[in-house]
Amino acid sequence: MPGSSSVDHDDPLSRAMQPPKDESPADKAARMRAEAEAVKHSQLIDAQLKAERAQIKKENEKQHKVLLVGQAESGKTTVIKNFQIQFTPNAFKAQQESWKALIQLNLVRSILVICEALTDDPNDYDLDIDNFLSLDSSVSPNYSIKAAQDLLEATDGQRRNSYPHPGTSESEISPVPTLSTEHHRIKMRLSPLQHVQHILIEHLACQFDDPSLLAAAHQFNLGTQSTPDFFIRSNTSTKGLLGKKNERTTDAIEPHSRVRLDLHEIDSILEACRDDMILLWKDPVVREILHRRDVRLEEGPGNFLHDVARITQRGYMPSEQDVLRSRIRTVGVQEYSFHLETGPDKGREWRIYDCGGARNQRHAWPFFDDCHLIFLAPISCFDQVLAEDRRVNRLEDSMQLWKTVCSSKLLQNSEKVLFLNKCDILQAKLTSGVQFKDWVSKYDGPNTLDGVTRFLKGKFKAIQKSYSPEPRGFYCHLTAVTDARSTSKILTSVQELVARAQLQHVSLL
Ligand SMILES: Nc1nc2c(ncn2[C@@H]2O[C@H](COP(=O)(O)OP(=O)(O)OP(=O)(O)O)[C@@H](O)[C@H]2O)c(=O)[nH]1
Ligand SMILES: [Mg+2]
């Protein structure tokens, strides 16, 4: 009965809720009805909240969110390709041929970089590149308008990202070899590749359904000696190559009428240039000049110079390995949704966020409290600097980034899996005689993959231990993510870890 023994007379709220002393039977009945109504309403809200929570729990059980982070060129997008190869192989196979244009573009760009480096006057070469790197419309003669500069960047990752090796200055020892008439002839014969580059960019802009990129392709000055970079934008609603979320079903945008997107024409030009491309890359004078000018194409991204004969063959179809080795820079954050086609988790959705890793991209990294993280540190880059800031060593930058990620409060409950990546390049570099201790003075172990990776693993582990707000497990893999087979095993173990963590997260909801 209202107003009976359960009322606390000292509590003002209870007193206020008391029915009036002179309440009539009709008023009382009305009040009782209103109270019953309120209780019903409140129960309804409770039931709705419960249902919503159950729905979220169900969704979360079905979906795994994973964030890929790491500096530029660390291998994040390559991990996405591995995901697709392993978990949605049918989708990957269906799109395999569409990577051809990007692979051709990667090859053409490498050849154009070589041609650009082949100048008898080193001052010409340096002047060009410095202007180009400044990306300032007032000093760069290579682009007609600013928009093109914003969209297209120099392919200088391979050229300007290394320190001069301590103690040697070969340019002081002997002069750079001079080019013969035949070298100049080869360069001339390869000049149609500028045109090929333009058409391929335009084709890819259509494939990626990005009008701004297409516009940039048109603004690109065909006469330039420099080569533009190519990238995926976060706002690109691409029909794209990797099964991105929010796929549009519209047809690709119309290409500019001035340049026909005739990929057969590309095949013919590449076939015609094949022998000259092979000659150029094999030529010892060319190699010497590249070496002197610190153009390191071999360890750079998207290098297909050893595969010219294969790639320029009629009917060339990219292999899985070619796709993994191809390079396209990510700008912003790309969201991918994979519904697993095989395995015990068949049907489950993996939502993966691929973040652009260059310094000016990192502010946009979407840290969520319910996602897990794969962090890529390319450890072969111990003797290189960031393309975007040549004062910063790439290995130090990776460690700094790892520190930031480990310290994040938002990510304190996320599992973090560290990929010490590009172990294949590291191995080749150490074998070729580059001394790790020349670059990392604290290291006094053997110049072997085992010694160096053990040392680096210890460093990354210590950072995690010191900076994590909560103690976390240290999950570290030595990877070469261009190798699908070894990466597949690692991704399976990541999958298990994430599934376990997800289960715990869901049970806390
Ligand atoms: N040899 C070798 N190449 C690798 C490895 N991982 C990545 N690459 C290559 O390095 C290049 C850059 O890889 P991406 O996956 O595009 O790098 P990213 O981290 O997505 O770079 P951004 O998009 O600029 O942030 C590509 O050409 C890859 O094929 C590796 O372990 N070994
Ligand atoms: Mg990327």
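Predicted model: local features only at pLDDT ≥ 70, side-chain atom pairs only at ≥ 80, totals over all residues.

Biologist: How many helices and strands does the chain have?
Modeller: The secondary structure comes to 20 helices and eight strands, and buried residues make up 50% of the 509 residues in the chain.

Biologist: Changing topic, which residues are the protein donors of the magnesium ion, ligand 2?
Modeller: They are T77 and T330, each through its OG1 atom, and they lie 2.1 Å from the ion. T77 belongs to helix α3 (residues 76-87) and T330 to strand β3 (residues 329-330), so the pair ties together parts that are 253 residues apart in sequence.

Biologist: And is T77 buried or exposed?
Modeller: T77 counts as buried because its relative accessible area is 10%, under the 20% cut-off. T330 is also buried, with a relative accessible area of 7%.

Biologist: Now the helices: at what angle do α5 and α12 pack?
Modeller: Helix α5 (residues 100-117) and helix α12 (residues 263-282) pack at about 40°, with their axes 11 Å apart. That angle makes α5 oblique to α12, and the crossing of the two is left-handed.

Biologist: Which residues make the contact?
Modeller: On the α5 side they include L107, V108 and I111, while on the α12 side L270, M277 and W281 are among them. The residues of this contact divide into ten nonpolar, one polar and two charged.

How values were computed. Residues numbered from 1 in each chain as written. Chains lettered and ligands numbered in written order. Heavy atoms only, no water. Axes fitted to C-alpha atoms, helices over the stretch in contact; angles between N-to-C directions. Helix = DSSP H or I, 4+ residues; strand = E, 2+ residues; numbered from the N terminus. Parallel < 35°, antiparallel > 145°, perpendicular 65-115°, else oblique. Left-handed = near helix turned anticlockwise from the far one by under 90°. Contact = heavy atoms within 4.5 Å. Nonpolar A, V, L, I, M, F, W, Y, C, P; charged D, E, K, R; others polar. Donors = N, O, S within 2.8 Å, 3.2 Å for Na, K, Ca; no water. Buried < 20%, exposed > 50% of the residue type's maximum accessible area, 1.4 Å probe, protein only.
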